[in-house]
Amino acid sequence: MKQFLSFVRKEFLHVFRDRKTLLLLFGLPVAQILLFGFALTNEIKNTKIVVCDYAHDGASRAIIQKLEASAQFDLEEVLLSHEQIETSFKKGKVKLAIVFPPHFESDLQHLGKSKLQVIADASDPNTASTLTNYISSITRSYQQELGGVGDPYPMQIESQVRMIYNPELKGTTNFVPGVMALVLLLVCVLMTSVSIVREKESGTMEVLLVSPFHPLMVILSKAVPYLVVSIVNLAVILLLSVYLLGMPVKGSLLLIIGESILLIITALSLGLLISNVAASQQAAMLMSLMGMMLPTMLFTGFMFPLENMPLPLQLISNIIPSKWYYIIIKSVMIKGLGFSAIWKETLILFSMAILLLSISLARFKTRLA
Amino acid sequence: MRTLKYLLQKEYRQIFRNKIILRMIIAMPMIQLIILPLAADYEIKNINIAVVDQDRSSFSRELVNRITAAGYFRLQQYTHSYEEAFPLLESDKADLILEIPSRFEKDLVREGKQSLLLAVNAINGTKAMVGANYLNRIIQDYNTDIKVEWKTPAMGAKMIEIESVNWFNPHMKYAFFMVPGILVLLVTMISAYMCSMNIVREKEIGTIEQINVTPVKKQYFILGKLIPFWTIGVVLFSVGLFVIGRFVYGIVPLGNILALYAYLALFLIAVLGFGLLISTYSNTQQQAMSLAFFFVMIFLLMSGLFTSIDSMPTWARWVAYSNPVSYFIEVVRMVVLKGSGFGELGQHFLVMAGFAVGFNGWAVWNYRKVS
């Protein structure tokens, strides 16, 4: 035990001596949680649109005014002819064009019907269909204004919508738990995976292995400083997300911390495994950053709904630890559920940690090639 | 010039000698390019719905039939009370609860007005909005139909019909949008990581000293490092776009390929310059890596690939505008999907040239031949 402690002390010195890395270790999660917590949103706002108005009458002007007033649209330009639409799309920023045909208002008044053309830049299909929906709700409200007060058919079904857990529909509620999972996982994996390979690459591993200390302990003592650093990071991240980003903590704080430490341990074990497999720091980095960054981002489930993915990919998503952590954090922090609601996810995360740790310890070679 | 030739020879040999790394930098991005666009599907479908039907009339049943027939919703459970349905929302088994009050049909006919309650799990605000909107549309359509059924349509109704046209991606395939963007991210990651690590590695194992004592000029040394990774970037991009993009996803670039490659060339110079800059500020590979990780993560999430830049707060939009990746993603999408050419890209070229000169200039200025 005394030996172990002195090894841990050595590792701490290593970590704290390298000021630049240390600064990054603490600065990185903070900067990222702040940046992404405030900046990321799936809402669609301020979309640039162009209008081509052949009608120039009261109705077209009224609808254009409504468009200008809405938060979703940002009227970029009024075009004179149809031909200009393609050029403005090709220049990039404009996402939608609306064409009012000549006689728009008089058709509406006399024929009871008129057509409005909406051309969407569907290279982003999701935005395109959402924007088209916004336009149709704007014209519908205009229609209702025209229709006057008395509805000729008095059978109105209304719907009251209650947004549960996030009544203001803030983007942070969704993104903060996701970014927490991402940052905690990647930082831990990256740091541990590199630190052991580094000793291999610089030759000091030989020295450690010939010491009377048990080789497995050598490895474990490497993980301890990163565990401590990550717990400090976790505390900072939680404080920031509650006090600055306004995230609720509805459930037990202790449970959140416990589950987060479980994720950290899983990540450290994964880092150990990578460092056992990799021969050089470059290889370790490629595995932990190149190999993991995008998959973790996508399969955690905060960017794209997992249930939309094809079945094989849904199965892949099950082996991503951050997916389970994300579910847990959402349940505890936002929904305020207790342990009984998340024991399954916890069990999965726990088994992952045990499995990864035992594989990496079993694969650890005490002889270097 | 001859110095550069020998330096390049050395660098290429070092890259090709390490088969494990070589395989990783080629295979990993390509496998991800095949798999990940399938995962990035934002079309909102499969919304799980729980219905609390306290009315059990022909009206309420017809409404529920319409909702399930629409294709977006999967009926999860049909319950009698809200209390019974709420645990489903809590455990994510249902995304949405629709409550139909008792006497729904009777009151609608008698009093001409009735209201339904929708309770939506709004943690993911967008999904909640879209789901509620779909459901509202179905309810309104149903409303119109029963009105028409009960009364003959009155004269003088005014209708604005919307004719919507989808340009550039008429089949609305989300993969068309994601593949070019993900390809850009993968190429960026490989170039930035490899370049920043490579030079620091020479520092860490000490071989940089040997080069420093030779008469090799620092420009040549840096060029010798940049050119190999530049070619790897170009090869990766081409394979990704013309092999995987073409044969796996059926994407055929519409615009000017020459313009695309000119931009790629410039972009890679900028990104490699950035990698170089990181390497001049770090002494160990660990430092280089954490710096690269920090910035690449920002480049990724602020690139406009996953969330729209226009929707960000103003200060965040400025961060996104100072991110070279966001420009390249935009350019690739413009050229590949919309058919843009040199004419439309003038401003983009200018900005990227600025990045390239800025990063490389800074890096060369900061690079010291003495430690």
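These notebook entries record what I looked up in a predicted model with chains A and B.

**Entry 1: extent of the interface**

I began with the contact between the two chains. Chain B contributes 123 residues and chain A contributes 117 residues. I then looked up the buried area, which is about 11400 Å² between chain B and chain A, with 65% of it given by carbon and sulfur atoms. On the side of chain B, the residues that lose the most area to chain A are Ile123(B), Ile160(B) and Gln286(B), and together they account for 7% of what that side buries.

**Entry 2: polar and charged pairs across the interface**

I next noted the specific pairs. The rule finds 14 residue pairs in polar contact across the interface of chain B and chain A, both residues being at pLDDT 80 or more. Helix α6 (residues 125–150) of chain B supplies the largest share of the side that touches chain A, namely 15 residues. I recorded the make-up of that side of chain B as 73 nonpolar, 29 polar and 21 charged residues. The rule also gives 4 salt bridges across this interface.

**Entry 3: strand pairing between chains**

Strand β5 (residues 156–164) of chain A runs parallel to strand β4 (residues 113–121) of chain B, and the two pair over 9 bridges. Within this pairing, I noted that Val161(A) has Leu118(B) of β4(B) as its bridge partner.

One of the pairs I examined crosses between chains, from Arg198(A) in helix α7 (residues 171–202) of chain A to Glu204(B) in helix α7 (residues 174–205) of chain B. The side chains of Arg198(A) and Glu204(B) meet at 3.4 Å, N to O. Arg198(A) is partly exposed at 29% relative accessibility, and Glu204(B) is partly exposed at 26%.

A further pair is Glu201(A) with Arg201(B), whose closest N and O atoms are 3.9 Å apart in a salt bridge. Glu201(A) lies in helix α7 of chain A and Arg201(B) in helix α7 of chain B, so this pair joins two chains. I found Glu201(A) partly exposed at 23% relative accessibility and Arg201(B) partly exposed at 32%.

Glu199(A) belongs to helix α7 and Lys222(A) to helix α9 (residues 215–243) of chain A, so the pair ties together parts 23 residues apart in sequence. Glu199(A) and Lys222(A) are both buried. The two residues also belong to a network of salt bridges that links Lys10(A), Glu11(A), Glu199(A) and Lys222(A).

Most residues other than glycine have a negative phi. His103(A) is not a glycine, yet its phi is positive, about 60°. I placed His103(A) in the loop between β3 (96–100) and α5 (104–111) of chain A. The residue His103(A) is exposed, at a relative accessible area of 54%.

Arg56(B) likewise has a positive phi, near 55°, in a residue other than glycine. I placed Arg56(B) in the loop between β1 (47–53) and α3 (58–69) of chain B. With a relative accessible area of 37%, Arg56(B) is partly exposed.

Note on methods:
Residues are numbered from 1 along each chain as its sequence is written. Chains are lettered from A and ligands numbered from 1 in the order in which they are written. This is a predicted model: local features need pLDDT of at least 70, side-chain atom pairs count only at pLDDT 80 or more; totals for chains, interfaces and linings use all residues. Side-chain values use heavy atoms; hydrogens and water are left out. Contact means heavy atoms within 4.5 Å. Buried area is the accessible area (1.4 Å probe) that two parts lose on being put together, summed over both. A polar contact is a pair of N or O atoms within 3.5 Å; within protein, one must be able to donate a hydrogen and the other to accept it, and residues adjacent in sequence count only if both atoms are side-chain atoms. Helices (H or I, at least four residues) and strands (E, at least two) are DSSP runs, numbered from the N terminus. Ala, Val, Leu, Ile, Met, Phe, Trp, Tyr, Cys and Pro count as nonpolar, Asp, Glu, Lys and Arg as charged, and the others, Gly among them, as polar. Two strands pair if DSSP finds at least two bridges between them. Buried means under 20% relative accessible area, exposed over 50%, partly exposed in between (1.4 Å probe, protein chains only).
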